[in-house]
Amino acid sequence: MAYTVTARRWRPMTFADVISQEHIVKTLRNAITGKRIAHAYLFSGPRGIGKTSTARILAKALNCIEGPASEPCNKCSNCIEITASRSMDVMEIDGASNSGIDEIMNLRENVRYVPVNGKYKIYIIDEDHMQTHQALNALLKTLEEPPESVIFIFATTQPFQIPATILSRCQRFDFKRIPLVDISSQLKRICEAEKVTIDDDALLIIAKKADGAMRDAQSILDQVVSFSGNEITTENVTSVLGLVEQELFFNVTDTIISKDLKNGLSLSQNII
């Protein structure tokens with residue numbers, strides 16, 4: 001069987017699994033339990049922080065046989081099909097490769113049909129800002145007055161490129177970068193589950209390099225494990241990422257203070 005990367009194996013499956021987006025999770029859960037489900041959502045924010053994963057969880061929660069529920073069961077046929085990306089009622093569309101007006105016209109035709117198995121027909125459009133203005137304008141009327149069983153979920157890293165006419169028809173949720181401590185904690189859980197030994201300094205370096213993106217952190221972890229096996233040290237991480245060791249920064253500072261030109265040139269050569 002082909003290897004599945006960590007980012008896919010540890011993708012959030014329920015709202016409880018979504019990290020550091022409590023304000024969004026709470027609002028979506030309350031909307032479901034309070035039966036205040038909107039017909040269009042916009043998830044915006046940097047890469048790798050859970051926008052598409054949250055969209056899938058929302059789709060499962062709405063179409064779960066036990067639902068709409070505040071958490072999907074992940075056991076019924078509807079949840080399993082959505083997780084495997086083979087549900088007839090949940091369409092994931094790549095905005096970059098389906099950016100033209102013809103694709104949107106096809107979508108407008110398809111929204112007329114009722115869901116096959118679930119309660120809703122859900123369209124998850126990723127990187128929505130990549131669509132042309134003509135395509136987005138063609139979607140306006142459908143977005144404003146869609147059939148009762150249709151829900152749109154847009155995900156984008158650049159909401160400022162989406163026309164205001166589209167934004168005004170959506171409930172907007174701004175996802176934030178994930179804090180270092182939360183990334184480190186999640187990576188530690190992953191390592192413990194997969195019997196990988198890693199020290200806290202190495203986890204912190206990976207978390208910093210990820211720049212708030214959990215997916216990036218998990219990809220780096222995969223890379224480091226491939227390099228060093230199941231025992232990871234700080235030296236392994238700095239070697240893989242090509243980072244300058246912290247001790248060198250202290251040496252540079254001491255050299256400047258002491259005005260030691262010879263040692264300064266030697267340090268520069270070592271860094272190069």
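1. The largest cavity is lined by Asn63, Asn78, Glu81, Ile82, Ser87, Met88, Asp89, Asn117 and Gly118. A cavity here is a set of points, on a 1 Å grid over the protein atoms alone, where a 1.4 Å probe fits but cannot get out; lining residues have an atom within 4 Å of a point. Helix α4 (residues 77-83) gives the largest share of this lining, 3 residues. By type the lining holds 2 nonpolar, 5 polar and 2 charged residues. Nonpolar covers Ala, Val, Leu, Ile, Met, Phe, Trp, Tyr, Cys and Pro; charged covers Asp, Glu, Lys and Arg; the others, Gly among them, are polar.

2. The space in the largest cavity is about 40 Å³. The structure has 1 cavity of 30 Å³ or more. A volume is the space filled by probe spheres set on the points, with grid points joined across faces, edges and corners.

3. A word on the model. It is predicted: local features need pLDDT of at least 70 and side-chain atom pairs pLDDT 80 or more, while totals for chains, interfaces and linings use all residues. Residues are numbered from 1 along each chain as its sequence is written, and side-chain values use heavy atoms, without hydrogens and water.

4. The largest pocket has a volume of about 610 Å³. Closest to its centre, of the 29 residues that line it, are Arg11, Pro12, Gly50, Ser53 and Arg215. A pocket is an open set with protein on both sides within 12 Å along at least five of seven lines. Helix α3 (51-63) gives the most to the lining, 5 residues. The lining divides into 10 nonpolar, 8 polar and 11 charged residues.

5. Helix α8 (residues 180-193) has 14 residues and should span 20 Å at 1.5 Å a residue; its end C-alpha atoms are 20 Å apart, which agrees. The expected span is 1.5 Å times one less than the number of residues. Helices (H or I, at least four residues) and strands (E, at least two) are DSSP runs, numbered from the N terminus.

6. Which residues of α8 are buried? They are Ile183, Ser184, Gln186, Leu187, Ile190 and Cys191. They lie on the same side of α8, because they cover an arc of only 165 degrees around the axis. The arc is taken from the directions from the helix axis to the C-beta atoms. On the other side, Val181 and Glu192 are exposed. Buried means under 20% relative accessible area, exposed over 50%, partly exposed in between (1.4 Å probe, protein chains only).
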